[in-house]
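Hi everyone, thanks for making time.

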Amino acid sequence: MKRRDFLQLSGLGLGALMMPVPLWGNDIAPEAMLTPMEVTLQKQIADAALNAAKSKGATYTDVRIGRYLNQYLITREDKVQNTVNTESFGIGVRVLVNGTWGFSAADEVTPAGAAKAAELAVAIAKANSKLQSEPVVLAPQQGFGEVSWKAPIERNAFEVPLKEKVDILLGANAAAMQNGANYVNSALFLVNEQKYFASSDGSYIDQDVHRIWPVLNVTAIDQKTGKFETRQSLSSPAGMGFEYLSARPEGKYKGVTTRYGKYYDMVEDATAAAKQAKEKLTAKSVLAGKYDLVLDPSHLWLTIHESVGHPLELDRVLGYEANFAGTSFATLDKWKSKNFKYGSPLVNLFADKVQPGSLGAVGYDDEGVKTKRWDLVKDGILVNYQATRDQAHILGEKESHGCCYADNWSSVQFQRMPNVSLAAGKQKQSVDDMIKDVEKGIYIIGDGSFSIDQQRYNFQFGGQLFYEIKDGKIVGPLKDVAYQSNTQEFWNSCTAICDESDYRLGGSFFDGKGQPTQVSAVSHGSATTRFNGVNVINTGRKI
């Protein structure tokens with residue numbers, strides 16, 4: 001990918017840190033992306049690594065053969081700016097020797113290459129063991145034999161002709177321009193992870209993971225003043241196939257496009273984005289103060305990600321991420337007390353690696369653990385964290401949560417955030433019902449800029465669209481809105497959650513963590529939720 005195209009992605013809200021170089025891989029012809037490696041051959045290669053590691057003294061070994069395919073299409077107005085097809089293919093071997101981890105990777109995916117990588121991993125583990133203070137303790141894990149898992153997609157996006165994809169993007173661009181946009185960018189990101197896992201526990205697991213993300217960014221300019229406003233897409237990346245782009249949105253709230261259910265209509269969103277970007281040009285600047293916030297799932301997912309997902313990663317809680325990403329306010333003593341009020345009694349936050357259509361959905365994690373769902377916050381009380389096989393004993397648990405992941409065959413797997421979501425309300429309640437009870441509030445749609453401290457406690461969040469609520473009615477658009485709070489205060493101010501019919505997923509394609517940095521894809525679900533008495537600031541006022 002050219003530097004110019006890479007930088008343009010930042011304009012789509014992606015940020016340079018979200019796309020480390022290893023993600024791109026090597027150029028590959030599109031037709032070559034459709035031929036996977038034979039499972040029988042992968043088993044032979046994995047067995048070569050397992051046998052070599054055992055012969056050199058490893059007490060545990062796992063092998064990951066990964067083929068990571070990516071396709072990117074980038075457009076602007078009526079032009080295709082770039083198409084990129086990449087493949088990254090190789091093998092990673094992790095071993096335990098003398099209670100110490102060792103890891104090695106190679107791009108020679110043959111029995112000889114696998115054995116060599118295994119022998120090097122053992123040598124590294126032996127060298128590391130000289131400095132090991134405590135041996136690694138792995139939670140028991142049964143072997144599953146030869147099993148497979150495939151994302152339940154309806155249409156493989158990599159099989160869709162390039163022209164069909166381009167037509168959707170350019171169609172969305174045209175719709176935006178026809179409805180008042182001055183500029184528009186759009187892009188389509190496709191990922192296919194073909195992953196084969198084998199371990200000395202007796203597992204041979206073949207998985208086929210698919211993800212898709214259509215994005216756009218619309219700009220409207222006031223020709224008299226030269227001022228401009230933007231509106232990014234309200235799409236969410238999804239663990240789906242090309243069917244994600246094949247249906248219309250499920251509904252609207254009083255002309256404001258807010259709801260994209262299982263499917264996403266890019267033309268509909270582009271049309272709304274152009275109109276809403278123009279609307280923002282004449283929006284009233286918010287008056288700072290306390291407001292009741294009604295947060296759409298297209299916005300709330302990011303607040304969940306930053307104030308729940310990250311602080312409840314056990315490695316962060318233990319200080320392992322302190323040098324790069326920080327620590328967590330949600331320390332073990334709060335969990336051990338069994339009464340730490342993370343949120344109001346309405347707040348039920350759960351981790352889930354099996355939710356259909358989500359970015360984090362897989363059958364087995366990168367340690368060969370069968371995935372599941374578990375509670376993090378129950379009725380407002382902190383009850384658990386996210387843990388891998390070598391962390392489970394710290395929580396007194398006998399099995400891993402199945403949330404270990406590596407973003408590439410050349411990366412060592414470690415604890416990564418599963419899908420973390422807010423459970424929908426149990427009582428029937430629509431967005432209309434929630435808004436009619438608000439005297440002074442703001443309805444926020446879409447994610448925007450944010451800031452949060454190193455302990456994931458004090459934070460500030462913006463958004464894409466803001467609407468003033470007065471005496472139970474939306475009275476007009478606002479701008480310059482951001483809200484400030486701390487994690488515990490914010491979640492304890494939760495007073496209402498819409499029911500399951502309003503539940504939707506948002507998420508991130510490129511969540512960064514670790515040194516060297518790895519990225520992962522993760523979804524966060526919720527229904528529209530109300531938070532009372534939250535401090536709102538005006539971001540447009542000059543000091």
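Let's start with arginine 530, which comes out at a relative accessibility of 12%, so it counts as buried. Keep in mind that this is a predicted model.

Who does arginine 530 pair with? Its salt-bridge partner is aspartate 292, with N to O at 3.2 Å. Those two come from distant parts of the chain, 238 residues apart: aspartate 292 sits in strand β12, residues 289-295, and arginine 530 in strand β28, residues 529-538. Aspartate 292 is buried too, at 15% relative accessible area.

Okay, next pair. Aspartate 315 and lysine 513 form a salt bridge, and their closest N and O atoms are 2.9 Å apart. Aspartate 315 is in helix α7 and lysine 513 is in strand β26, so this bridge ties together parts that lie 198 residues apart in sequence. Are these two buried or exposed? Both aspartate 315 and lysine 513 are buried.

There's also a network: Glu193, Lys195, Arg211 and Asp366 are joined by salt bridges that share partners. Within it, lysine 195 meets glutamate 193 at 3.6 Å, N to O, and both of those residues are buried. Overall, the structure has 26 salt bridges.

The average pLDDT is 92, and 92% of the residues score at least 70. Over residues 1-23, though, pLDDT is below 50, and residues 248-260 also stay under 50.

Technical notes. Residues are numbered from 1 along each chain as its sequence is written. This is a predicted model: local features need pLDDT of at least 70, side-chain atom pairs count only at pLDDT 80 or more; totals for chains, interfaces and linings use all residues. Side-chain values use heavy atoms; hydrogens and water are left out. pLDDT is the predictor's confidence in each residue, from 0 to 100. Contact means heavy atoms within 4.5 Å. A salt bridge is a side-chain nitrogen of Lys or Arg within 4 Å of a carboxyl oxygen of Asp or Glu. Buried means under 20% relative accessible area, exposed over 50%, partly exposed in between (1.4 Å probe, protein chains only). Helices (H or I, at least four residues) and strands (E, at least two) are DSSP runs, numbered from the N terminus.
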